[in-house]
Amino acid sequence: MASTQFQPIQGMSDIAPPDIALWQMIENRAREIFARYCFEEVRTPVLEKTELFSHSLGETTEVVTKEMYTLEDRGGRQLSLRPEGTAGVIRYIAGSGEAANNRLFYLGSMFRCERPQAGRKRQFHQIGVEAIGAPNPLADAEVIALQVHLLAAWGLEGAKVRLNTIGLPEDRAAVIKGLREAIRPHLNELPEDAQQRFKTNVLRLLDSKDEAVQKVVAKVPPVIEFMSAESRAYLDAVIKTLKQLEIDVEVDASLVRGLDYYVHTVWEVVHGSLGAQNALSGGGRYRIEVGKKTFDGVGFAMGVERVITALEANGIGAAQFAPAPPVFIVSLGEAALNENLLLLQMLRQRGVACEMELSDRKVKAQMKRANKTGAKQVIIRGDTELEKGIFVLKDMKEGTQREVELPELMELL
Ligand code: HAM
């Protein structure tokens, strides 16, 4: 029945069997890898004060100005569904002092009211990490190494890490001035909205998808040329460490990020299967003020929906991770039904996944259900089997069946 009555709202999806098996594989392997890097999980609320996001991500960023789901609660407070995970984690760290582990990971839903299109959802899921601590190129390289390790653990091939630097906040004025001077002679080659951007946020011209803009950007020196010696040295140290760790990255001067909290290193992981929304992940080093305190950290967040698209393009799908089929128990008559309940419990306690029909239905109906569960083995018991103390074990694939006693049954399952 194709009715919109039962559909989730636009840009949001139910994630259900059989697809869920791939999500679980992704999450389970991520947890394993995070444990090896000594990151622990944090779960922050999905709803936070709006000002937390506008302050941390930047008042003028697109995420804050156009994409947040914001509401007023009954007490008149402005709240927003989290559009990303970093701000909440830093709020948690700020509130918990020295006791908090400063290496944290999270898995969860994020919300951005964007125009839905391929690879862009309104509720999507991120797997992210935040390592809180003063700027240190080794820390950035370690987190990038973790990111690459994660991709390998999922079996994902063909992903590329693009790396750049935003420089220090103190460099920002010089970068903007340098870029404007370099672009100004080509201003009339830019479309009107890009000319507007030239005035409001010239950095965002660098990652524009517009061909005319890209042509101009190609003529402009890399942003690093406008940065301080300290910022350049920092990037060099990150690149050197990654080389030492044999991690391939592509330094890309046009990479800028859509959030304001970044300083120094930024990166994205891209994959050819993703089309226009080609970022599997975004990350970088950041500096966020909470109250009177400043927090430094480095982290990334991977978009799980996009990871799934890329895995599927690599031929990795949910079917490979489907749960093992259960054993199904068929009962003939009330007495067998009751005895089989005990058998069901015993098997489950021994670690066997099994299911049975809980009402006294016709054998045909029960076998139909057994088939639907995908069961490879079916145990059949009626009055005769009860009397003889045996079980009929049916092999669904071969279509054969034989009588077995309890010890053999246990061994076979
Ligand atoms: P972001 O680049 O805004 O960074 O998002 C990270 C990833 O989330 C993207 O690369 C993409 O895979 C996924 N994503 C974002 N928006 C959508 C959407 N509408 N639909 C589907 N997937 C989406 C951050 O969120 C930063 N908090 C990352 C970070 C952590 N930086 C430092 N620490």
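A residue counts as near a molecule or strand if one of its heavy atoms lies within 4 Å of it. Keep that in mind for the ligand here. This is a predicted model, where local features need pLDDT of at least 70, side-chain atom pairs count only at pLDDT 80 or more, and totals for chains, interfaces and linings use all residues. Residues are numbered from 1 along each chain as its sequence is written, and side-chain values use heavy atoms, with hydrogens and water left out.

Start at the ligand. It has 27 residues around it, and E84, R112, E114, K121 and Y262 come nearest. Take three of them. E84 puts a polar side-chain atom 2.7 Å from a ligand nitrogen. Y262 has a side-chain N or O atom 2.7 Å from a nitrogen of the ligand. R112 has a polar side-chain atom 2.9 Å from a ligand oxygen.

How much of the ligand does the protein cover? The answer is 95% of the 660 Å² of accessible area that the ligand has on its own (Shrake-Rupley method, 1.4 Å probe).

Now the strands (DSSP runs of E, at least two residues, numbered from the N terminus). β6 (123-132), β10 (279-290) and β11 (293-303) each give two or more residues to the shell. β10 gives the most, with seven.

Next, the sheet. Eight strands form an open sheet with mixed pairing, in the order β1-β5-β6-β11-β10-β9-β7-β8. Two strands pair if DSSP finds at least two bridges between them. The edges are β1 (40-41) and β8 (250-251), each pairing on one side only. β10 and β11 pair antiparallel over 10 bridges. One example: S281 has M302 of β11 as its bridge partner.

Notes:
Polar contact = N/O pair within 3.5 Å; in protein donor to acceptor, adjacent residues only side chain to side chain. Helix = DSSP H or I, 4+ residues; strand = E, 2+ residues; numbered from the N terminus.
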